[in-house]
Structures are given as structure tokens and as C-alpha cells.
Amino acid sequence: MKKVLELDIKKQLGSFSLNVQASIGNGITGIYGPSGHGKTSMLNAVAGLIRPDSGRIFLNDVCVYNADEHIHVPVHKRKIGYVFQDIRLFPHLSVEQNLRYGLKKFDAVKIGFNQVVEVLQINHLLAKKPSECSGGEKQRISIGRALLSGAQILMMDEPFSAVDIHLRNSIIPFLNAINRRFQIPMLIVSHDLPDLLSLTDHLLLLKNGNITALGRFQDLIQDENNIGIMKDAGLYNVFNLRVSDSLPAKNMVLLSNKSNSFQVQVLLQSLLQKVEIGKPIKVLIRPEDISISRQTVDQISLRNQIQGKIIKIFTRKGLSFCLVDAGEKVLVEITEASKQKMNLDRGTTVYCLFKSAALKIFE
Amino acid sequence: MFTELFTYSAAEWDAIRLSLKVALLCTVLILPFAIGIGWVLARKNFIGKPVFEGFLHLPLVLPPVTVGYILLVILGRNGWIGHFLYEQWGIQIAFSFPAAVIAAIVVSFPLVTRSIRLSIELVDKNYEDAARTLGASNVRVFFSVTLPLALPGVLSGAILAFARSLGEFGATISFAGNIAGETQTLPLAIFSSMQVPGQETATMRLVVVSVILSLLAMIGAEYLNRRILKRKA
């Protein structure tokens, strides 16, 4: 995979020290960490808004910062699209002037103005002033403005926090569309894990200014330390599935992974759009919303009973986490007492039970 | 009596015209420097900044006559710089129209700079950072973001300069003199008219103009100040 961003920097900010080494490729990378653990500082260092004390930063193999060689490419020459947490649209300019602010007249146009306006659905706002737009609209305008500045990477700081909770889900399809349509690598910072997971599987975990993990979420949850970091943020299982069958008689839809080794049933109503076979759907479920039994249970309302084998089991603060291989890796949280009573161990065959209603669905 | 109050003599018109000319020239000339220094004071820190600021604000508290005298010492025909100008090019500044403009500039400079500096300080630096990430150089950031956002403050500073120039007396009379048609601005004309017995109506005519012009300028400045506060909120 091509490396878009490579960094190895140290920066002392008061009593807080940022110390990150990472190599980030194409696609969407989610940067997760609790508030005040260095996420924004990391973005600011990449953008050039703060100057690290030591280290190096490469953007698409071009050195933009090297402490030893005294290289510090100024902000305006770095070609970074930065969508700030507080949006920062210029209040004295119209929406269109904001969008065109970073547009270079003489550069080969990679991303066209009309395309961006169309994808972000902001055509009707062009003549307005930013103050006349809603929170969600401002956010889209600010994303468009960053895209149009000829950016080689798009960085977004808490794109979900500025918008109303109802609007969060409406911004996610736009971000996905941007990534697909414009093939631009994206770094998305959030302290909200489910929001990030709805966008990407590729995560970077920051804690106390250090990167503790970088990789696919499905791999990260196999490590107890990562679980500890993510637990407080609302840890979820993430499954990338497709619609494999609709069961209109039962008012259910069947979703499967690529190899059909993992299937879940969801309520027809929980899908917003028309059901089409093969349509990709992302499904999230909390580890504590899954129960474990050693046999299938017949006299029970739960529709989803998935067989698997425990491949890892560990205890943290009185809770037991079982990683079950059921075609996909499923993380299940149970109490220590249940674990002992059921005599669970590595290799035990179990059934993962959950209600269809416990699933969070992203189309 | 009433019509007399609005019938201006040619000499009185001269004084009014001259005042407006001095005030306008002063405003136009002062702005680039005031914007530059205002930006430096708002955004930069350097050694000796308090001393520099103190020096800059001096004309605000010095008696204008003192300012005029100092200008004379520097730019008069025998002054440090004036002497050189006269010897080299035969230029004589003191007791001429340019002297009236210079006197107006020096006394209004601290007022204008202060107003511009405050309005630049109120511009959120985050907008400037955002402009940089969009590829704008420092110069472009200044002209496309900082200055437009500080514009009401700049305009209100300009009006202050205009109003202060209109009212300038002490520095003008000591540095530019009281030459009718050349340096005799409205306040100087009022002063001269007051010295002559029986000229009460003529004096009142000039006073009325003086009050009206100053009032218009202050209303304009107040209007702009409100706009700044509104934009901030």
C-alpha cells in the first residue's frame, strides 16, 4: 500500500508530550483517543500549524518537516485539506467565495468545483453567507472548501461533534461518497468510536500523546490493551456484510459476509432504503449486547444464534472478554462469574446470541 | 440675523475648504501606516514593545503646542531634518500647507492606530490559520481575511483621523502658522475671528460648521463601532 503520510515526531506542549510514529496509507484512517490525548495536536503538526521539537514528517514521500535538516515547509505550501472542529468558514465571504478560496487558477484541476458541489449537495447555498446556513450545511461547505484547495490529504477534526446528533448519520454518507468519488486519503479524528467505525475499519489509537495501535479494527480488538483504551468509548463489533436474502414473510433481511460463513438477521424496518441483494451494509453491535450459550436455545425470542469457537479469552476489571471466531471475529463481554460457571476456555464451541434490535446499521 | 448666519464670506469658505482638504489628505496618508503599525502591535511581540507603544501614544497626551514645537525643531528651516531638506532641495515645510497636514497626521496617528490595532486583535486567528491551510500566503491572508474582518475598525479609525484633523489647533498654529488660504483651518479661523471685536456673527457661522462636521464624523464612527460589536456577537 502506498504511504500517504509518514511521521515520527516529538513535541512538548506544556506538561503534555506528543510522541507519535506512524505510517498511514490510502483510504480512510480513523484517529481515536480520549479528549486531550493529542489528536488535534497531531493534525496541527501535520498541517504545519505547530512545529514539532524533533523528528520528521513525509507527505506522499515529500519531506515537509525535518528537524535535523531544519526543513519546515510553511502551512500554505503543504497542500493539506483541514476541516477544523469549529468549521471556520470566512464570515465575510459568500459560500461560493469560501469554496473557491483555495482554488488554484493555474493548477491542473483534479477535483472540479461542480463535482464537489454536487456530491456535497450545496448547490442551493452558493449565494448565501455562512451565517445563513445550518450546522450540517456549514460542515459540508467546509469539507468542500478543503477538497477544492488541491489537497493531497483530507484531515477532519471531530467532524461529528459540530453537528447535531440527528445530523451525524447524514454526514457519514457524504464522507464515504467523497472518499469513493475523489480517491482522496482521509484522516478523521474522533473521540466517538461508533461514529468512526461506521466510516472505517482502519484505526489509529492515541493515548497520552502516544500511538498505541494502528491497524484494522478487527485485528486491534484481539489485543487486551487496545480493548482497555476503547472500552470507555463504546466498544463495538463491526461487520462488513451484504444483503444476501430478504425474508419478507418474517419481516426480516438476511445479511452475510463475503464467504457466507457469517450471517445475521435484521429487521426489515431498520433498513432505510430499498433492499437490494448484494448491497453492502455495515453492522455494529456492542460486545455486552451479545450473550453466550453452549447450545442453541429453541424456546427463546432471539433470532440470531451464531456458532463459533473461542479463540481468545481474557479478564479485565472483573469482566471477561471472549473473542469468538464465528466466520467473523466477534468480541463478547460477559461477567467473570458466567465465564467460570460455564467453564469457558480457548477452543470451547459456543453460540453467540443477540437481538436483531441490538444491531446498529449503516447503509 | 438668521440669513447672516448662513452667508459665508470667501475667506470663510477658504477656511472650510482648507480644513476639509487637510483632514482628507491626513486620513488618506495616515491609513497605510496606521494599518501596518496596528497589525504589528496586534500580532507581534518584540523587545521594547512597551517603549515603542509609549512613544507612539505620546501625541495623545502631550499638549498639541508641544507637538507643534517639536515638529518645528525637527522640520523647521533650521531643524535637524528641515535644515537638510532646505539646503539640498530648497524645500521648506514649516509654515506651509504640508506642515498643516503633517501636524494633523502626527496628532491623529495614535488614535487611528489604536482603533485599528483593537479591531485586528478581535479578528480570530483561527480564520487566518484556516486560510493558510487553503494555500494562502501571509500577504494574501492579511488582505483577504484579516483586513476585511477588521474593516469596520479601520473605517472607524479613518473617521477618527478625519475628525481629529478637523479639530487640530495647537500643533498647527505653532508648526504651520496661521496663514489665511494656506494654513488657516477652521479652528484657526475661529480663533482669529474671536480676536476681532464685532465679529461675533462671523465666529458663530464658523462654529456652526465646525460642530456639524464633527458631529457627522462622530455619528459615523459610532455606527461603525456598533457594526464591529454586532459582527463579534
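**Notes on the two chains**

1. Let me start where the chains meet. In this predicted model, 17 residues of chain A are in contact with 13 residues of chain B. Sorted by class, the side of chain A that touches chain B consists of eight nonpolar, five polar and four charged residues.

2. Chain B can be described briefly. The C-alpha atoms of chain B fill a box of roughly 70 × 50 × 30 Å along the principal axes. Of the 233 residues in chain B, 42% are buried. Where contacts in chain B join residues at least 6 apart in sequence, 74% of them link residues at least 24 apart.

3. Next, the domains of chain A. The domain assignment gives domain 1 (3-231) and domain 2 (237-356 + 358-362). Taken over C-alpha atoms, the centres of domain 1 and domain 2 of chain A are separated by 32 Å. Twelve residues of domain 1 of chain A are in contact with twelve residues of domain 2 of chain A. On the domain 1 side, helix H6 (193-199), helix H7 (217-220) and helix H8 (224-231) of chain A each supply at least two of the touching residues. By class, that side of domain 1 of chain A has six nonpolar, four polar and two charged residues.

4. What about the nonpolar core? The largest one has 155 residues, and those with the most contacts inside it are Val46(A), Met155(A) and Ala103(B). Domain 1 (3-231) and domain 2 (237-356 + 358-362) of chain A both give residues to this core, so it lies between them.

5. A hairpin in chain A comes next. Strand S10 (residues 202-207) and strand S11 (residues 210-216) of chain A pair in the antiparallel sense over six bridges. Leu203(A) has Gly215(A) as its bridge partner in S11(A). Two residues lie between the strands of this hairpin, and Asn208(A) takes a positive phi near 50 degrees there.

6. Which strands make up the sheet that includes S12? This open sheet of five strands has the order S14-S13-S12-S15-S21 (chain A), with antiparallel pairing. Strand S14 (263-267) and strand S21 (360-362) of chain A stand at the edges with a single partner strand each, so one side of each is left without a neighbour in the sheet. Ignoring direction, neighbouring strands of this sheet are turned by 40 degrees against each other on average. For a look at one pairing, strand S15 (residues 280-285) of chain A and S21(A) run antiparallel and are joined by three bridges. There, Val283(A) has Ile361(A) as its bridge partner in S21(A).

7. Is Arg242(A) buried, exposed or partly exposed? This residue lies in strand S12 (residues 237-247) of chain A. Arg242(A) has 16 C-beta neighbours inside 10 Å, and therefore counts as partly exposed. Not counting residues up to four places away in sequence, Arg242(A) touches Leu255(A), Ser256(A), Gly278(A), Lys279(A), Pro280(A) and Ile281(A). Leu254(A) is twelve residues apart from Arg242(A) along the chain, and their C-alpha atoms are separated by 8.5 Å.

8. One more sheet to trace in chain A. Five strands form an open sheet in the order S16-S20-S17-S18-S19 (chain A), and the pairing is antiparallel. At its edges stand strand S16 (291-293) and strand S19 (329-335) of chain A; each has a single partner strand, so one side of each is left without a neighbour in the sheet. From one strand to the next, the twist averages 45 degrees. Within this sheet, strand S17 (residues 304-316) and strand S18 (residues 319-325) of chain A pair in the antiparallel sense over seven bridges. Ile313(A) stands opposite Cys322(A) in S18(A).

Notes. Residues are numbered from 1 along each chain as its sequence is written. Chains are lettered from A and ligands numbered from 1 in the order in which they are written. This is a predicted model: local features need pLDDT of at least 70, side-chain atom pairs count only at pLDDT 80 or more; totals for chains, interfaces and linings use all residues. A nonpolar core is a set of buried Ala, Val, Leu, Ile, Met, Phe, Trp, Tyr and Cys residues joined through C-beta atoms within 7 Å. A residue is buried if 20 or more other C-beta atoms lie within 10 Å of its own, exposed if 12 or fewer, and partly exposed in between; C-beta atoms are placed from the backbone. Domain bounds come from an automatic or database domain assignment. Two residues are in contact if their C-beta atoms, placed from the backbone, lie within 7 Å. Ala, Val, Leu, Ile, Met, Phe, Trp, Tyr, Cys and Pro count as nonpolar, Asp, Glu, Lys and Arg as charged, and the others, Gly among them, as polar. Two strands pair if DSSP finds at least two bridges between them. Helices (H or I, at least four residues) and strands (E, at least two) are DSSP runs, numbered from the N terminus. Axes are lines fitted to C-alpha atoms, for helices over the stretch in contact, and angles run from 0 to 180 degrees between N-to-C directions.
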